[in-house]
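Good morning, and thank you for making time for this presentation. I would ask everyone to keep the sequence and the structure in view while I speak.

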Amino acid sequence: RGVYRGEARYVVLPVWTLIVVGVFGLLRLRRGGWALVMAGALLMSIMYGVLARMMRQPGMWVMAGLDLCFFLYLVRPETRERLR
C-alpha cells in the first residue's frame with residue numbers, strides 16, 4: 001500500500017552510530033574507522049533501497065545510489081593505500 005509504519009527506526013540509530021564512530025577513526029586515518037564507515041555506507045545504501053521499495057518513492061533510490069557511490073569510493077585501491 002506504500003504506507004510506512006516505522007519498522008526501520010530501530011535500524012537507523014545503530015547504523016548512524018556506526019558511521020559517526022567510524023568517521024572519527026577515519027579522520028585519524030585508522031583502518032578500523034575506514035572499515036566502520038565502509039560498512040555503514042553499505043548498510044545505509046541497502047536500507048534506503050529497502051525503504052524506497054516499501055514506500056514506492058523513487059527519490060529514495062537517489063540516496064541509495066549516493067551511498068553506494070560513497071561505498072565504492074572507499075573500496076578503491078587508492079583510498080585504501082592512504083590508510084596504510
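Predicted model: local features only at pLDDT ≥ 70, side-chain atom pairs only at ≥ 80, totals over all residues.

Let me begin with a definition: the expected span of a helix is 1.5 Å times one less than its number of residues. By that rule the 25 residues of α2 should span 36 Å, and the end C-alpha atoms of α2 are 36 Å apart, which agrees.

Now to the overall layout. The protein chain has 4 helices and 0 strands, and its elements run α-α-α-α from the N terminus on. Of the 84 residues in the protein chain, 32% are buried. The chain exposes about 6000 Å², and carbon and sulfur atoms supply 68% of that area. As for contacts with a separation of 6 or more, residues 24 or more positions apart account for 52% of them.

Which residues make up the largest nonpolar core? There are 10 residues in all: V15, I19, M44, M47, Y48, L51, A52, M55, M60 and A64. The helices α1 (9–27), α2 and α3 each supply at least two residues of this core. The helix that gives the most to this core is α2, with 6 residues. Apart from this core lies another one of 7 residues, and V37, A41, F71 and L74 are among them. As general background, nonpolar side chains tend to be buried together in soluble globular proteins.

Leaving aside neighbours within four places in sequence, M44 is in contact with V15, W16, I19 and D67.

Let us follow the chain beyond α2. Where is R56 found? It is found in the loop between α2 (31–55) and α3 (59–75). Just after α2, R56 takes a positive phi of about 55 degrees, although R56 is not a glycine. Is R56 buried or exposed? The cut-off for exposed is over 50% relative accessible area; R56 has 59%, and it is therefore exposed.

The C-alpha atoms of G59 and Y48 are separated by 9.8 Å, and the two residues are 11 residues apart along the chain.

T79 is found in helix α4, and at 9% relative accessibility T79 counts as buried, because the limit for buried is under 20%. Leaving aside neighbours within four places in sequence, T79 is in contact with Y73 and L74. Another residue of helix α4 is R82, which counts as exposed at 57% relative accessibility. R82 and R30 are 52 residues apart along the chain, and their C-alpha atoms are separated by 10.0 Å.

Finally, a word on charged side chains. Side chains of opposite charge can pair when their charged atoms come close. How many salt bridges does the count give? The count comes to 1 salt bridge. R76 forms a salt bridge with E78, and the closest N and O atoms are 3.1 Å apart. R76 is partly exposed, with a relative accessible area of 36%, and E78 also counts as partly exposed, at 44% relative accessibility.

To close, I return to two points. Thank you for your attention.

Technical notes:
Residues numbered from 1 in each chain as written. Heavy atoms only, no water. Buried < 20%, exposed > 50% of the residue type's maximum accessible area, 1.4 Å probe, protein only. Core = buried A, V, L, I, M, F, W, Y, C linked by side-chain atoms within 4.5 Å. Contact = heavy atoms within 4.5 Å. Salt bridge = Lys/Arg side-chain N within 4 Å of Asp/Glu carboxyl O. Areas by Shrake-Rupley, 256 points an atom, 1.4 Å probe, with all protein chains shown as cover.
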